[in-house]
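Here are my notes for you on this one. Have a look at the structure first, then work through the points.

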Amino acid sequence: MKAGGWWNLLTEEQKQKASVRQYIANRHRRGLRDREPCLICGDPNTVFHHLDYLPRTMNVIDVCVPHHHDFHALKKEGLTDEQIVAYLLNQSRERLRPAGGQPADSPDR
Ligand SMILES: [Zn+2]
Ligand SMILES: [Zn+2]
C-alpha cells in the first residue's frame, strides 16, 4: 500500500497518473513492453508519452526527450496527440529536404 506522506498530497488525478506510469514502468522492467525508437525521428533514446491515463492502459508512444518536450508544448497550444504526431512528422520531413531543392511534389500516401 502507498501510505507515504507525499502520496496523500497528490490530487486524485495525480495519483491515477502516477499509478499508470508505475504500471507501464513495471511492464517495461519485466520485458513486457520494449522501448522503441522515437516515433518522429527514430532516436533510440526514448521516453514514454502517455496518450491516456486509464487504469492499466498500455496506450503510450515512444518519443525522444526533445520531441517529448515538443509534445507537451504543442499540447498546451490545444493540439490533440494525433495532430501533434502529424505536425512533428511533417516538420522532420521538412528538415530532411535538401536546402534550395525543388519543393517535393509528394503525393501524401
Ligand atoms: Zn525524436
Ligand atoms: Zn508526455
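1. Helices here are DSSP runs of H or I with at least four residues, strands are runs of E with at least two, and both are numbered from the N terminus. On that basis the protein chain has four helices and two strands, in the order α-α-β-β-α-α along the sequence.

2. A quick word on ground rules: this is a predicted model, where local features need pLDDT of at least 70, side-chain atom pairs count only at pLDDT 80 or more, and totals for chains, interfaces and linings use all residues. Residues are numbered from 1 along each chain as its sequence is written, while chains are lettered from A and ligands numbered from 1 in the order in which they are written.

3. Now the inside. A residue is buried if 20 or more other C-beta atoms (placed from the backbone) lie within 10 Å of its own, exposed if 12 or fewer, and partly exposed in between.

4. Take a look at arginine 56, in the loop between strand S1 (46-50) and strand S2 (60-64). Its phi is positive, near 60°, though the residue is not glycine. Arginine 56 counts as exposed because it has 10 C-beta neighbours inside 10 Å.

5. After helix H3 comes glycine 78, with a positive phi near 100°.
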